[in-house]
Amino acid sequence: PVLLGCGSAQQPGSCPALCECSEAAKTVKCVNRNLTAVPPDLPPYVRNLFITGNRLARLPAGAFPAQRLPDLGALNLSGNHLRAVEAGALATLPALRQLDLSGNPLVSLSPQAFGEGGSPLEELALRGALRDHGVLLSLAAMLQSGALRNLSRLELADNGLLLLPAGMFTALPALRQLDLSNNSLVGLRNVSFQGLGQLQSLNLSDNSLGVLRNGTLAQFRGLPALRHIGLGRNAWVCDCAVEDLVAWLKESDQVEGKEALTCAYPDKMLGKALLKINGSDLNCSVPVDMPSQLQTSYVFLGIVLALIGAIFLLVLYLNRKGIKKWMHNIRDACRDHMEGYHYRYEINADPRLTNLSSNSDV
């Protein structure tokens, strides 16, 4: 038996050192072995490959032997200290359906990681792997390129995301589950969900959302398959801007646990359930956005003044001849008046003329 075991270790398809293999389950596990590279001698029967808790650092092109893993469908590379996934690193896996890169401090993710022809990948997990903003932009470029058009599940939780790149999900027509929970999202104004006709579940819980605008709510209404929306544990701001959200919550059956959604601001509304808010609580008689209203008033005032100025100039133009005659009359009157002053000055300045002027006979 020992000789047979040694002989089998040298045969193609044998289990790599530091790994555990099960041909019956089509599974190979290389867990917590301090590996620095993907084992080159993986058995060709593997369908489920776990390389986790190691020190791979980077996943270069050709990391997986070409044509050697035709049936590999599930690949778990979580917790490997991966910092870079290079172009073509996953291009030689024709049957890959599930990929988990969670828990890796990625700083570089090539948009061509799956090659030029795209991938059959259906599930992608990146939990806690997108702390670097550049990696988020690279992922957005990859998704927008159409390389992952078959993706049905995308997990982006635990990444501290504040905002999402515009149009990030527009090329994912098969997407059914989108997990954005436990981030720091403050708004969805630049996020488009249009085109996600298959989307069934959207998790937005544990973020910093203060309000959902009409545009976002309209997109939710327009997704025919969307049945589950998670909005719990967000910092809802209960002012006049929340009215549309409250109305949508009351009419929608998509939001899970909507009865537990409560206000975080202002202090007087703290802890109040969103579904129990009414108009008297919000006091919306005072304009919400005073700076924008003042700006509008200034613009209107400027337009009015411009019209008045234009009318004034038109009147001047139409009466230019009369105005010119009136100016000439004013000039002549002023000249006669000044000549009178000049004559009196000459009389007063000459004593002889003064005596003559005082003589009534003269």
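# Disulfides and aromatic pairs

Cys263 is buried, with a relative accessible area of 3%. Here, buried means a relative accessible area under 20%, exposed means over 50%, and partly exposed covers the range in between, with a 1.4 Å probe and protein chains only.

The model is predicted, so local features need pLDDT of at least 70 and side-chain atom pairs count only at pLDDT 80 or more, while totals for chains, interfaces and linings use all residues. Residues are numbered from 1 along each chain as its sequence is written, and side-chain values use heavy atoms, with hydrogens and water left out.

## Disulfides

A disulfide is a pair of cysteine sulfur atoms within 2.5 Å. By this rule the model has three disulfides.

Cys263 has Cys238 as its disulfide partner, and the two sulfur atoms are 1.9 Å apart. The torsion about this S-S bond is about -95 degrees, so the link of Cys238 and Cys263 is left-handed. It connects distant parts of the chain: Cys238 lies in the loop between strand E14 (236-237) and H4, Cys263 lies in strand E16 (residues 263-265), and they are 25 residues apart. Helices (H or I, at least four residues) and strands (E, at least two) are DSSP runs, numbered from the N terminus.

Cys19 is joined to Cys30, with an S to S distance of 2.0 Å. About the S-S bond of Cys19 and Cys30 the torsion is about 105 degrees, so this disulfide is right-handed. Cys19 sits in the loop between helix H1 (2-9) and strand E1 (20-22), and Cys30 in strand E2 (residues 27-31); the pair links distant parts of the chain, 11 residues apart.

Cys15 and Cys21 form a disulfide with their sulfur atoms 2.0 Å apart. This link is right-handed, with 80 degrees about the S-S bond.

| Residue | Relative accessible area | Class |
|---|---|---|
| Cys15 | 32% | partly exposed |
| Cys19 | 12% | buried |
| Cys21 | 28% | partly exposed |
| Cys30 | 0% | buried |
| Cys238 | 3% | buried |
| Cys334 | 44% | partly exposed |

## Aromatic rings

A pair of aromatic rings is described by the distance of the centres and the angle of the planes. Rings of Phe, Tyr and Trp (its six-membered ring) pair if their centres lie within 6.5 Å; planes under 30 degrees apart count as stacked, over 60 as edge-to-face and the rest as tilted. The count by this rule is two aromatic pairs.

Phe193 and Phe220 make a tilted pair, at 5.6 Å centre to centre and 50 degrees between the planes. Phe193 is in the loop between strand E11 (177-179) and strand E12 (201-203), and Phe220 is in helix H3 (residues 214-221), so this pair ties together parts that are 27 residues apart in sequence. Phe193 is buried at 1% relative accessibility, and Phe220 is buried at 0%.

The ring centres of Phe220 and Trp248 are 5.7 Å apart with planes at 40 degrees, so that pair is tilted. It links distant parts of the chain, 28 residues apart, with Phe220 in helix H3 and Trp248 in helix H4 (residues 243-251). Both Phe220 and Trp248 are buried. Phe193, Phe220 and Trp248 form one aromatic cluster.

Helix H3 also holds Thr216, which is buried with a relative accessible area of 5%.
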